[in-house]
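Here's a quick briefing for anyone meeting this structure for the first time.

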Amino acid sequence: MPTYFSFPSKNESSIAEEREVLEKLSQAAKIASVLYESQKNAGHPGANFYPVGVTKKELEFAARKNPKILDPYTIVERKGKELVAVPYSVKYKKELEEISGLLKAAASMSSDRGLQAYLRSRAKDLLNDNYDKSNILWLKTKGSAVGCVIGAFDRYLDKLFFKKRAFMAWAGILDQKLTSEMNRLKELILTTERAFLPGANRARIANTEIRVEDTAAFSGLAADFLFVGNNLPSSADIDLIQKHGTVFTIFKPTLEWRFHAWVLPIFRRLFDEETKNKFSDQDLQSAFIQSVVLHESCHSLMRYKDAPARLEELFPYLDELFTDLLGIKGCGTLILKNALTEHELEAIVAVAVCRSLYFYASLLDRPHIDPYATGGALVMEFLCKAGALLQKKDGFHLDSYRALIALNQLTSIIEYYIALGNHAEAKEFLKRFAVKKIFSPFLPYLAGLPHGGSL
Ligand SMILES: [Zn+2]
């Protein structure tokens, strides 16, 4: 699967300066995909962050003497009998210096002061294995016409500890109109006050901003996972988020691709005539972008400071699902506020079913999206058990009312694990769901769908 994409510009209004800056940033993004490729190793749960064959115990033991072993920005290697930690800035020196040079060049072409400051700071931070300073400056570029993220951020490749950061990058132009539309939904969902379970270690997030972008370049982990949205700084940088807030970016090209290549075809194949006749393509497309915005917003709605450390590699399994469920649950409040109609909520539920199947169907080509597919399996299991998805002659019938009750129940269960549960009990809970078996009744309906799905 390719891990670098560039998209032709749809934004005719973008000016020459922006195009030049984007060109430099795209070159830098392309180098980031080379670094990502070297970190990736689908045959090993620790990817190439750790030597092949090493055990979790062995690494934990070595980390007691040398904490750098489990540092987010080091590669662990064997030197004789010893495990040593090589910082990214040493391991990837040549490439990082090239990226750094391109970022500085892009900064000098831009007349956007905020973007300049961020790019220059990121150019330095990439060589220091600590992005705090440039992250803070990046958060201040939320309104900039040109957007760019580049560095090592998300931890999904590290299935041993969920600690090591993989390289990724994107660059794009802000879609002002869609951003303000989606900002309204984000504001509404984030003001739905939620009660936290007693004893939970709640994180308070300074503020959450949104950017919808016409992506020009997409690279590394973001491209490999074909993200439709991404929230930064990483949940591992929770202190930074609490103090300085978070920005999530929605990527228009992947959003449109996922909808047309997967969500809509799945919807048409899976459901019975009665369910299908309820929603137009437009209804579903709006519901899809709404569910992405709800998901990314809900990453800020309920966060727990200790959850990543407590749940380790199981954290993304529970967190990504919880975030989806919170979004759907929050829609109830949006209906009461007249910000959403019941019909729109029903479309969001139908889309949630299609998204679950999308994740499972693409698992063959993208085994690392496992956390999302597992979350999808839990959703499907709860819907089937509640009689919310009934198999008829002409497809599955969706009972939205039963679906909402079932999903609310699932939300409460997941909330326990994410707020308070320990690693052992979370593992025990997830083991109860046989992902393959849960999806098997739906697979005949997916026949003929394209695999792998290159953009
Ligand atoms: Zn997410």
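Let's start in the strands: β4 (residues 146-152) and β5 (residues 167-174) run antiparallel and are joined by 7 bridges. Strands here are DSSP runs of E with at least two residues, helices are runs of H or I with at least four residues, and both are numbered from the N terminus. Two strands count as paired if DSSP finds at least two bridges between them.

Before going further, keep in mind that this is a predicted model: local features need pLDDT of at least 70, side-chain atom pairs count only at pLDDT 80 or more, and totals for chains, interfaces and linings use all residues. Residues are numbered from 1 along each chain as its sequence is written.

**Around strand β5**

- Glycine 147 sits opposite glycine 172 of β5.
- Methionine 168 has glycine 220 in β7 as its bridge partner.
- Strand β5 is mostly covered, with 8 of its 8 residues buried. A residue is called buried if 20 or more other C-beta atoms lie within 10 Å of its own, exposed if 12 or fewer do, and partly exposed in between, with C-beta atoms placed from the backbone.

**Around strand β9**

- Strand β7 (residues 208-220) runs parallel to β9, and 6 bridges join the two.
- Threonine 208 is opposite threonine 246 in β9.
- Strand β8 (residues 229-232) pairs with β9 too, this time in the antiparallel sense, over 4 bridges.
- Glycine 229 stands across from isoleucine 250 in β9.
- In a regular strand, side chains alternate between the two faces of the sheet.
- Both faces of β9 are covered: Thr246, Phe248 and Ile250 are buried on one side, and Val247, Thr249 and Phe251 are buried on the other.
- With 6 of its 6 residues buried, β9 (residues 246-251) is therefore largely enclosed by the rest of the structure.

**The chain as a whole**

- The protein chain has 19 helices and 12 strands.
- Its radius of gyration is 22 Å, close to the 23 Å that the globule rule gives for 455 residues, so the chain is as compact as a globular protein of that length. The radius is taken over C-alpha atoms, and the rule is 2.2 Å times the number of residues to the power 0.38.
- Along the principal axes, the C-alpha atoms of the protein chain fill a box of roughly 60 × 55 × 45 Å.
- Buried residues make up 50% of the 455 residues.
- Of the contacts in the protein chain with a separation of 6 or more, 76% are between residues 24 or more positions apart. Being in contact means that the C-beta atoms of two residues, placed from the backbone, lie within 7 Å.

**The nonpolar core**

- The largest nonpolar core has 146 residues, and Ala28, Ala32 and Leu318 have the most contacts inside it. Such a core is a set of buried Ala, Val, Leu, Ile, Met, Phe, Trp, Tyr and Cys residues joined through C-beta atoms within 7 Å.
- Helix α15 (residues 342-362) gives the most to this core, with 14 residues.
- Leaving out residues up to four places away in sequence, alanine 28 touches Ile99, Leu102, Leu103, Ile150 and Ala169.

**Helices that cross**

- Helix α10 (residues 252-270) packs against α15 at an angle of about 110 degrees, with their axes 9 Å apart. The axes are lines fitted to C-alpha atoms, for helices over the stretch in contact, and angles run from 0 to 180 degrees between N-to-C directions.
- That makes α10 and α15 roughly perpendicular to each other. Angles from 65 to 115 degrees count as roughly perpendicular, under 35 as roughly parallel, over 145 as roughly antiparallel and the rest as oblique.
- Helices α12 (residues 281-301) and α14 (residues 315-336) pack at about 105 degrees, with their axes 8 Å apart, and are also roughly perpendicular to each other.

**Two residues to look up**

- Threonine 3, in the segment before β1 (4-6), is buried, with 22 other C-beta atoms within 10 Å.
- Leucine 345 lies in helix α15 and is buried, with 20 other C-beta atoms within 10 Å.
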